[in-house]
Amino acid sequence: MLCACVSLLLLDAQYVRAAEQEGGGDLLSVRGVVVDTKEPPTPLVGATIIVKGTPAGTTTDGSGFFSIKAKKGDLLVVSYLGYQTKEVRVNSSISNMSIALAEDATALEQVVVTGMTSQAKVKIASSVGIVENTNFTNKPITRLSQALQGGTTGVFVSQSSGMPGGDGAKIKIRGVASLLGSDPLILIDGFESDMDKLDPSTVESISVLKDASAASMYGAKAGNGVIVITTKRGTAGRVQVGYNGYYGIQQPLYMPKFGDAVDYMNYYNAASVNSGATPSYTDIMIETTRNGSDPINFPNTDWTKETMHEFTNIQEHNLSVSGGNTTARFALAAQYMKQDGIYKYMDNGFERLSVRLNTTINLSKTLFTYVDAFVNRDTQRQPNTTNRSLIDFIYRTPPTVAGIYPRKEGQRENMVYYGIYQTVQNPLYNLQKGIKREEFKDYVTLNIRPTWYIIPELVLKGQVGYRLSSGLTRRTRPAFQLIDYFTDDIVFDSGKMSETSYPNRQSYWTANLMLDWNKDFRNGHTLNLIGGWSAEYDMRNAWDVVTLVSFFGKAYYSYDDRYMLEVSARGDGSSLFDKGHKWGFFPSAALGWNIANESFLKDVNWINTMKLRLSYGKLGNNHVSPYKYQSLVSSSGNETVNGNPNLTWEVVSIWNAGLDLSFFDNQLDFTVDVFRKKTTDLIVNTPSTLSSALLNSFQNAGDAKVDGFEISAGYNHNFNKHTRISFNVGYSYTKSKLTRVINNKIISGDRIYQQGRAITEYYGYVADGLLTQRDIDNNYPIIGGYNSASLSQQPGDVKYVDMNGDGVINDSDRVPIGRVDPESVYYMNLSFSWKNLDFEAQANGVGSVPVFYTNLISNPLDGDNGGKPQQWHFDYWTEDHQTARFPRPTLQAGNNGLFSTFWRENGAFLRVRYIQLGYSCPWLAKKIRAESIRIYANVQNPFTFTNVELIDPESKGTYSTYPMFRTYSVGLNVRF
């Protein structure tokens with residue numbers, strides 16, 4: 001080392017003399033310090049600094065400081081063994097340059113954040129999934145939750161709507177074993193927060209804690225798993241400025257394809273005849289509509305075209321500034337995102353403005369603190385209809401209703417004549433003269449985390465966090481009179497509206513204190529002991545307050561990175577339960593064995609990892625509304641809540657066994673996990689009996705389990721310094737079973753929770769095609785039977801199976817007809833880079849799971865409430881077409897609209913999530929003195945392969961579900 005330092009100093013002197021002989025008055029003096037990226041930063045002694053392309057160089061002294069001379073524009077190459085090399089451009093003389101080097105960790109040495117602690121991946125004995133940052137960086141995603149799709153095994157992510165501002169995804173980790181919901185605990189920098197408020201470009205890492213050992217430190221709230229997110233922080237060094245932005249156009253994935261007015265008239269006439277009514281439209285009326293000779297009396301309106309855009313715009317811009325020195329570091333990021341809605345005329349869509357400031361301040365050599373602040377404003381604008389959504393109006397308003405009539409003689413300047421339907425159901429009227437609803441939502445968090453190194457091995461960590469969410473809703477409408485075009489009568493007089501309301505203001509406090517002792521002993525022994533306390537105060541509205549007090553501890557031991565043992569325990573006391581039932585105790589343990597580190601495999605160079613993992617533990621679930629243990633009586637003396645003072649925790653026990661393998665310098669890796677998740681004392685909203693006259697009450701009245709396994713494989717290879725490929729696949733299987741429930745089953749509408757079956761299943765009738773005249777002649781069982789003068793079912797109606805064999809079709813024939821959640825989930829990720837080009841693609845999907853067409857999707861007419869057929873409805877039953885796809889049309893769905901397997905479709909799908917091509921421009925970056933410039937093109941949701949035709953297989957929506965989008969975008973990344 002000493003010889004190398006002397007050599008560098010001699011070469012540096014030669015470079016300076018040579019520069020002076022060439023007119024080296026341009027040499028600049030650069031002095032600074034080289035540190036690592038840990039907190040607090042540690043000086044790197046003996047780091048090498050070389051002027052790129054020259055022999056000149058130096059090394060850092062015992063305090064990490066250095067001094068060197070270089071020309072303006074030169075690059076300083078800073079390196080240190082075990083750390084990533086960094087290049088810094090010299091622009092001027094500087095006496096206090098700070099340079100931070102990140103550790104050059106291998107795949108095994110990668111540090112994984114597991115919540116309150118972090119561990120090297122090789123030392124983890126529990127089941128933890130890591131979401132690669134390619135899932136959420138430089139992608140046109142509007143919610144971070146969407147980025148978990150295809151991120152890791154064991155996680156099922158589904159988006160239920162595409163509405164701007166309402167398109168967050170539902171996340172389920174390792175299936176559902178509770179009736180209280182499946183939402184996991186979300187932690188952002190150790191603080192419970194809403195991940196969908198977070199700007200994806202500020203995220204550093206995402207970890208998913210899947211088993212009880214990994215999530216044990218959060219016992220009470222971890223029953224559905226934990227997602228741990230860390231955000232980017234500033235490091236010591238010069239100030240870095242970055243910009244990330246994209247602009248795109250969005251196209252709805254599924255749009256209705258309605259028949260025109262002539263199709264509607266013919267269909268409506270057929271439905272009228274089948275319903276025993278007289279046809280409403282004569283042949284002359286139909287022909288006049290067909291030839292368009294009288295558009296005023298016989299309009300032909302395409303409501304989809306008149307009211308909805310085929311393409312909409314989306315844009316996002318992110319600006320970040322970070323830097324600091326060994327005393328203080330900061331990372332400031334601002335985001336603006338705007339997504340237009342699909343409706344014409346009215347300003348509708350979503351806007352977001354957020355600012356995050358993460359700071360790190362060294363108060364002394366042994367004491368530092370994080371101070372993080374986040375401010376977010378969401379603005380959502382949508383048409384506000386009276387009792388239905390605007391999409392509902394579009395589905396219900398017939399094409400025989402005019403949108404806007406042409407001007408007529410004597411019409412006032414500002415007068416507009418709209419077609420009248422159901423008084424105010426004209427979609428155009430609602431967009432142009434109707435109510436606009438604007439929701440402004442503010443979200444603020446403050447997170448302070450001091451850390452004191454009492455001695456190098458003993459650290460005291462604290463945290464105080466505060467979250468506030470509030471906002472307002474504004475409804476506005478211009479004054480307008482809806483007047484009948486033909487009679488000039490006032491149909492509806494809408495006065496000017498300007499209303500403001502304030503939704504619930506919510507606040508949340510948390511505080512915790514933790515002592516962390518970590519000691520590496522001689523001969524390979526490592527021991528880590530953690531103990532702590534935490535408290536929460538959650539004010540959900542003016543009346544509902546939930547508090548939680550917890551004590552936790554964890555012990556971790558490893559020997560020679562071969563044998564690992566983790567033991568954890570947490571006790572939680574919750575205000576959600578009555579005295580004697582408030583406290584829950586949740587222990588866990590995990591064992592790990594790194595077989596690859598055994599002496600008998602030391603010489604097997606192609607095996608890098610062979611690790612066995614085994615864990616067992618218990619977690620809690622208390623996702624129940626407040627005060628359910630108390631009976632409440634109104635001022636009139638009526639009982640409003642039937643309380644249960646014996647209500648207590650759900651307990652989730654999880655077994656997990658796993659195997660991690662990697663070969664050939666970590667180029668090929670496999671992970672397999674097998675698990676069982678069992679929930680006891682399920683909290684069930686128990687229905688009352690007819691004789692009790694009591695209200696429903698929450699009881700611990702069931703047990704459930706989920707068995708499953710996960711398999712993932714990856715291939716990562718660097719062919720040379722210019723070419724790299726990565727391919728990863730994953731498959732997850734879960735199967736739930738309700739092992740105990742009160743009264744053996746609970747029925748709620750078209751859902752059933754039945755002992756011995758999947759935890760939640762659809763409940764309805766089994767169909768066997770369509771009824772024929774022969775069925776009627778043979779007295780095949782029908783609804784209502786054959787005793788009445790007129791039959792309630794006719795040939796061409798849905799044919800239901802008499803499941804109990806009593807000769808009548810009624811409610812007793814309803815049975816479970818398919819599980820709600822899929823058992824199989826899979827994903828594929830591909831990335832490839834060659835020189836300055838990079839390519840990424842991802843696809844994911846689910847296996848067989850039922851999807852049901854309902855309401856106006858299955859039966860397009862709804863009596864006086866309107867409706868119109870789509871093109872696929874025209875394949876309906878007639879006496880001349882008895883092999884039709886659909887039953888005979890009727891004015892109302894009637895018995896054909898019953899929830900049944902007739903409308904069931906296999907909801908399996910494979911969706912390509914994104915395809916992206918990028919290009920880095922080093923020549924342009926050098927020209928404008930930037931560190932890097934990259935441009936890219938991306939298409940989101942380009943292809944979907946499924947049997948489902950009229951709704952999105954992922955959202956499983958209805959006719960009124962806001963469509964999801966296919967997005968085409970181009971983006972720019974610049975870093976200075």
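Strands are DSSP runs of E with at least two residues, numbered from the N terminus. The model shown in these views is predicted.

**View 1. Asn523 in the loop between strand 27 and strand 28.** Strand 27 covers 506–520 and strand 28 covers 525–539, with Asn523 in the loop between them. Most residues other than glycine have a negative phi. Asn523 is not a glycine, yet its phi is positive, near 65 degrees. Its relative accessibility is 66%, so Asn523 counts as exposed, the cut-off being over 50%.

**View 2. Asp561 in the loop between strand 29 and strand 30.** The loop that holds Asp561 runs between strand 29 (545–559) and strand 30 (563–574). Asp561 also has a positive phi, about 55 degrees, without being a glycine. Asp561 counts as partly exposed because its relative accessibility is 29%, which falls between the cut-offs of 20% and 50%.

**View 3. The largest nonpolar core, with 53 residues.** Tyr343, Tyr395, Tyr853 and Ile857 touch the most other members of this core. Among the elements that give two or more residues to the core are helix 3 (261–274), helix 6 (390–396), strand 44 (767–770) and helix 9 (855–858). Helix 3 supplies the largest share, six residues.

**View 4. The contacts of Tyr853.** With neighbours within four places in sequence left aside, Tyr853 is in contact with residues including Ser858, Trp872, Arg885, Trp903 and Glu905. Its contacts also include Asn947, Val948, Glu949, Leu950 and Ile951.

**View 5. Another core, of 20 residues.**

Definitions and conventions. Residues numbered from 1 in each chain as written. Predicted model: local features only at pLDDT ≥ 70, side-chain atom pairs only at ≥ 80, totals over all residues. Heavy atoms only, no water. Helix = DSSP H or I, 4+ residues; strand = E, 2+ residues; numbered from the N terminus. Buried < 20%, exposed > 50% of the residue type's maximum accessible area, 1.4 Å probe, protein only. Core = buried A, V, L, I, M, F, W, Y, C linked by side-chain atoms within 4.5 Å. Contact = heavy atoms within 4.5 Å.
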